[in-house]
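Please examine how the parts of this assembly are arranged and where they meet.

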Amino acid sequence: MYAFTQHRPATVRQAASLLTKQEEAKLLAGGHTLIPTMKLRLAGPKHLVDLSKVEGLSGIEMKGRSLVVGAMTTHVEVETSPIMKESIPALAGLAGKIGDPAVRHRGTIGGSIANNDPNADYPAAVLGLGATIITNKRRIHADEFFKGLFETALEDDEIITKVQFPKVNKAAYVKFPNPASRYALVGVFVSKRSSEIRVVVTGAGANGVFRVTTFEEALKKRFGPKSIEGLTVPADGMASDIHGSAEYRAHLVGVLARRAVAAAA
Amino acid sequence: MSATGIGAAVRRKEDQRFVTGKGHYTDDVSRPGQCHAYFLRSPHAHAKIKNIDSEAAAAMPGVLAVLTGADLAADKIGNLICGWMITSKDGSQMKMAPHPAIAHGKANYVGDPVAVVVAETLPQAKDAAEKVKVDYDLLPALCDPAKAQDQGAPQIHEVAPRNTIYQWHLGDAKAVEAAFKTARHVTKLDFINNRLVPNAIEPRAAIGEYDAGSESLTLWNTTQNPHVARLVMSAFVGLAPEHKLRVIAPDVGGGFGSKIFIYPEEVVCLWAARKIGRPIKWVAERSEAFLTDAHGRDHVTHAEMAFDPDGKVTGLRVKTVANLGAYMSTFSSSVPTYLYGTLLSGQYEIPAIYCEVDAVYTNTVPVDAYRGAGRPEATFVVERLIEVGGRQMGVDPADLRQKNFIKTFPHQTPVIMIYDAGDYHASLKKALELADYAGLAKRKRESVRHDKLRGIGFSTYIEACGIAPSQAVGSLGCGVGLWESAEVRVNPTGTVEVLTGCHQHGQGHETTFAQVVSERLGIPLENVSVVHGDTDKVQFGMGTYGSRSGAVGISAIVKALDKIEAKAKKVAAHMLEAAEGDIVFEDGKFTVAGTDKSAAWGEVALNAYIAHKFAGQELEPGLKEGAFYDPTNFTFPAGCHICEVEVDPQTGESEIVAWTAVDDFGTVVNPMIVEGQVHGGIAQGVGQALLEGAIYDKDGQLVTGSLMDYCMPRAQDLPALKVEMTKTAAPSNPLGIKGCGEAGAIAAPVAVINAITDAIGTEDLPMPATPQAVWRALQKANDRRTAA
Ligand SMILES: Cc1cc2nc3c(=O)[nH]c(=O)nc-3n(C[C@H](O)[C@H](O)[C@H](O)COP(=O)(O)OP(=O)(O)OC[C@H]3O[C@@H](n4cnc5c(N)ncnc54)[C@H](O)[C@@H]3O)c2cc1C
């Protein structure tokens, strides 16, 4: 690690101003992505703006027909929240499958989404439920938020404060973990909200999280695993590494999508 | 059996301190004035070092020294060595290339140290290392052992043309040829025994300190054999004479073989400590451990087994290329030869065996012994061939094994070993019952009903443990003897310290060794402490590896206890005014036979020291005895492991649903500890079979350089294990102990692969059998079927 100064603002406004004023400043949430890269000296921010003492950034509440999750809410809080388990059990289940207990007690939804790791789980749910990301500046719909590998619509001094998830009729997430890291080698999130059907894949895409419109169309006729029997996604466009070739990932997308639809239906 | 004696499942004495954070590891040691070393390592697999400019680095804050291979050479520090001489078929000796502790002139793998920065703090050392400018001239890298001997392959060391270290062979080629000519059936297989990263939980660490007053060096080090480390660093590296070099191995958090070897960093810490006059600490980071701890396995093998019409094995032919990495590590040469070829007879009566092994250099970190060392590789060859042979001939794999079992002992195999005791039928029979082999067909049908494929795999393995005797290993090229030493020191109050040349790093010696003493002397377990891991306390010893501490180390203690008892009887005879021959020692009490005159253990101990009753030199005061023990043979643990898996054909995932292990370890001192060793061994073996595989890319970068990419087994990867034992005592040592530390890791990998291939109905499956690998194997089999 390189030496750095840690700041602990009390409000979002203070955090934002530190972020603009200090050179080479970075937000610190759970630190489960940022700190390992700092330890390896792959990142060396001069200033860390720690969000842990900022008020109002954590917690889960129902607002109308949406569940609003604070950016600093940890994975374990989402996993065990009674209201989450009641309204969107697929999202609670997804949070419970992230990493290991240490990761789930420190890692946050805001950090995960801002990082947009192509193998992370949350992006699948955010896009799969058509959520809205709320920042200190604006509201960004999920469809506009994820911009490829580790890239998002966030500006340099923008802070995620909340994520708003609409309630859906049906949803499920099926994850095939990378055996070593436990991130998603492939994860498929499906949801059905009245006429809107989403099938979203994380882990597999060469360019990050994506929707499978061919599957969505097929499911519009009937929301059941049979409707997408035999359907696949093309291998080109899939990521390929030592853990899974593009062909294997493409194959898993089909298998997991059918299992997710079966679980949701 | 006493409540804490041999055979009692007493809790481990050392665990209280470990689980409460009171262990004392190398990194817990801090010396006055200590500074820190950071190694700058080659980012290239193969590169000429044209120039190293350390001027800017040396001027950084806190920096005490920046040292390079040139400095090491100028100070005439010797190279690291491999201590086991292997002779090639043509009579030539193995080609050992120079291995300087800091690369000089050329870097040969990613992670090869090219400079060391010593600074007041570790961050200062790291900051300065970023300022060291190394001018490299890149050379093509060679990582694939199968291509190492190709014409035009990059040449790594001048001494070894075609990167070939030796071309060794064992057995009778002609007899094997004849057997294959008349064979009814021949099974042929090609496979890779995958390369593994040891990953002990405690990374390697070293502290070097020089005392100018006594002109002596002290090294605190994560080593499995402090005396061997001292010997090599004195006699070969030339750091200091043995009496001026002390090596201390405090608590060590796992080794699995990787901490047997003498590594560059400990040499550099000692050398630099004397140079700058300050104690120097170095602790590996996990990424450093991945890059620089000696890896394990990495064999490329072609093997063939010949069967006669009755299904009897008539011949075995094996050709292996073994990757030893960029330099020859301390015992690397012995692993793919005398620890491998000599076990190729398995549990079977095989009349003719011929094995050829070519060892090669590559631009990868050195490869050396790792839990099992050679024997998992041998077991894989034999147990894969017999399993596939059975399937091809339509014979039940259990029946085929039984038909070929060795039934009478001693048995001379065609590959050196004389098996002295065993009952292979007993362990197989027990395992078949425990695994409910009879109910397998029904379970297979049930699996099909929920879209899964079920398979079963056997491994009736054998291994050679207690690595010794000295005469035998010496005749095979080993540079040291493999006896063990012990000293039993009885205090005047009757408590006992046992000094052993073995070293514990997870095995529980402080408990098991004490159990042997407690039973023999009739004293409570807590009155015995075990001392090890310090060359200033224990005179000499060979350390712990090769499952040798029970069979060899405990035997030395037993021998010392014999002497203690003899001496104590003399003391008791004096006290009780009886003839020495009339003294009987039982349950901690000395009695004069046929009388009620007796003396307790504590009274005898006290009298040995106050010596009031001994006149002059008639009886020497004191009660302390030492012994060196050299066994008459290796020991041969053996057993049967049965693995049952369920495979999801859609994703390729394999789940181990049942595991049965029936092992014959001879006499067992502490069944709980032994069971733990079996559990750990199986977990590591399952890791090799399903999860672990070190991958270097074509440029020599370690792609699996962290736990995010290199998968270690987790608790959830294993079912509840059924572990049972059978017993035939080892005739080669006084207690009949065989050794258990490696058995699981030896038996397990092939059991898993046999099980998965049974489930998926195709034999072409690599290790690790990841979901992707299984899926691909199924795809390939499907394609073949549709093509046919
Ligand atoms: C061993 C291990 C296993 C893991 N397994 C999984 C897994 O299976 N699935 C999975 O999805 N993830 C996994 N993770 C990642 C984990 O979920 C992280 O917690 C997550 O990626 C980042 O969240 P964090 O709160 O730790 O963010 P940090 O590491 O603190 O920050 C990450 C990045 O986001 C930025 N950031 C943080 N908060 C905000 C905000 N409110 N607004 C804008 N930018 C912000 C930071 O500046 C930084 O660039 C794993 C991590 C580890 C270490």
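In this predicted model, the centres of domain 1 and domain 2 of chain B, taken over C-alpha atoms, are separated by 36 Å. Domain 1 of chain B comprises residues 31–139, 202–253 and 259–292, domain 2 comprises 299–468 and 633–787, and domain 3 covers 483–629; such bounds come from an automatic or database domain assignment. Where domain 1 and domain 2 of chain B touch, 28 residues of domain 1 and 31 residues of domain 2 take part, contact meaning heavy atoms within 4.5 Å.

Local features here need pLDDT of at least 70, side-chain atom pairs count only at pLDDT 80 or more, and totals for chains, interfaces and linings use all residues of the predicted model. Residues are numbered from 1 along each chain as its sequence is written, chains are lettered from A and ligands numbered from 1 in the order in which they are written, and side-chain values use heavy atoms, with hydrogens and water left out.

The area buried between domain 1 and domain 2 of chain B is about 2500 Å², and carbon and sulfur atoms give 66% of it; buried area is the accessible area (1.4 Å probe) that two parts lose on being put together, summed over both. Of the area that domain 1 of chain B buries there, Trp84(B), Phe261(B) and Phe290(B) supply 27%, more than any other three residues.

The side chains of Lys89(B) and Glu356(B) meet in a salt bridge, with an N to O distance of 2.6 Å. The two domains of chain B also share 11 residue pairs in polar contact, both residues being at pLDDT 80 or more. A polar contact is a pair of N or O atoms within 3.5 Å; within protein, one must be able to donate a hydrogen and the other to accept it, and residues adjacent in sequence count only if both atoms are side-chain atoms.

The interface between the chains comes next. Here 24 residues of chain B are in contact with 21 residues of chain A. The area buried between chain B and chain A is about 1900 Å², of which carbon and sulfur atoms give 51%. On the chain B side, Met708(B), Gln772(B) and Trp775(B) lose the most area to chain A, together 27% of what that side buries. Chain B and chain A are linked by 3 salt bridges. Asp648(B) forms a salt bridge with Arg259(A), in which the closest N and O atoms are 2.9 Å apart. There are also 11 residue pairs in polar contact between chain B and chain A, both at pLDDT 80 or more.

Chain A is itself divided into domain 1 (5–49), domain 2 (60–166) and domain 3 (170–264). The C-alpha centres of domain 1 and domain 3 of chain A lie 34 Å apart.

Finally, the ligand is surrounded by 29 residues, the closest being Leu27(A), Gly31(A), His32(A), Thr108(A) and Asp121(A); a residue is counted if one of its heavy atoms lies within 4 Å of the molecule. A polar backbone atom of Gly31(A) is 2.7 Å from an oxygen atom of the ligand, and a polar backbone atom of Ser112(A) is 3.5 Å from an oxygen atom of the ligand. From Asp121(A), a polar side-chain atom lies 2.7 Å from a nitrogen atom of the ligand.

Terms used
A salt bridge is a side-chain nitrogen of Lys or Arg within 4 Å of a carboxyl oxygen of Asp or Glu.
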